[in-house]
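Welcome! Try each task yourself before you look at the solution.

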Amino acid sequence: MRRVSILFLAFLCFIVGVAFIATPIPLGAPLFALSLVLIVASSRSATRLVTGVRIRAPLFDRGVGFLERRAGRLGRTLRKTSPRRYPRRPVV
């Protein structure tokens, strides 16, 4: 039940972040970051998905890396998705 409520809260933060993306006050970005942390903390499949996206998209990786450094305790949750933890596979 706790996991479902955390995922619901993450989804709610994401939807509110989308609603605030067009406002002059940048409230959307922190809400997106919070939803990302909540989803990664509660779902292994989301952790694998975020890790894959970080490997393929260097700009997203830099943004999440910025959040890792600035988020304090929440940054530890995002470090689980760091592509530097996994060696690159050779291209065949």
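This is a predicted model: local features need pLDDT of at least 70, side-chain atom pairs count only at pLDDT 80 or more; totals for chains, interfaces and linings use all residues.

**Exercise 1. The overall layout**

- Step 1: Count by type, and you get 5 helices and 0 strands.
- Step 2: Turn to the dimensions: the C-alpha trace spans about 45 × 35 × 25 Å along its principal axes.
- Step 3: Look at burial: the chain has 92 residues, and 30% of them count as buried.
- Step 4: Consider the contacts with a separation of 6 or more; 48% of these come from residues 24 or more positions apart.

**Exercise 2. Helices α1 and α2**

Find out how the axes of α1 and α2 cross, and which residues make the contact.

*Solution.* 
- Step 1: Locate the pair: helix α1 covers residues 2-19 and helix α2 covers residues 28-42.
- Step 2: Their axes come within 8 Å and cross at roughly 160°.
- Step 3: Angles over 145 degrees count as roughly antiparallel, so α1 is roughly antiparallel to α2.
- Step 4: The crossing of these two helices is left-handed.
- Step 5: Look for the residues that touch. α1 contributes several, including I6, L7, L9 and F14, while those from α2 include L31, F32, L34 and L38.
- Step 6: Sort the contact residues by class: 13 are nonpolar, 4 polar and 1 charged.

**Exercise 3. Helices α3 and α4**

*Solution.* 
- Step 1: Helix α4 spans residues 58-70, and its axis lies 6 Å from that of α3.
- Step 2: The two helices pack at an angle of about 120°.
- Step 3: On the α3 side, V50, V53, R54 and R56 take part; they meet P58, F60, D61, V64, G65 and E68 of α4.
- Step 4: By class, this contact has 5 nonpolar, 1 polar and 4 charged residues.

**Exercise 4. One serine**

Describe where S45 is found and which side chain its own side chain contacts.

*Solution.* 
- Step 1: S45 is in helix α3, which runs over residues 44-56.
- Step 2: The relative accessibility of S45 is 45%, so this residue counts as partly exposed.
- Step 3: The side chain of S45 makes a polar contact with the side chain of S43, at 3.1 Å.

Technical notes
Residues are numbered from 1 along each chain as its sequence is written. Side-chain values use heavy atoms; hydrogens and water are left out. Helices (H or I, at least four residues) and strands (E, at least two) are DSSP runs, numbered from the N terminus. Buried means under 20% relative accessible area, exposed over 50%, partly exposed in between (1.4 Å probe, protein chains only). A polar contact is a pair of N or O atoms within 3.5 Å; within protein, one must be able to donate a hydrogen and the other to accept it, and residues adjacent in sequence count only if both atoms are side-chain atoms. Axes are lines fitted to C-alpha atoms, for helices over the stretch in contact, and angles run from 0 to 180 degrees between N-to-C directions. Angles under 35 degrees count as roughly parallel, over 145 as roughly antiparallel, 65 to 115 as roughly perpendicular and the rest as oblique. A crossing is left-handed if the near helix is turned anticlockwise from the far one by less than a right angle, and right-handed if clockwise. Contact means heavy atoms within 4.5 Å. Ala, Val, Leu, Ile, Met, Phe, Trp, Tyr, Cys and Pro count as nonpolar, Asp, Glu, Lys and Arg as charged, and the others, Gly among them, as polar.
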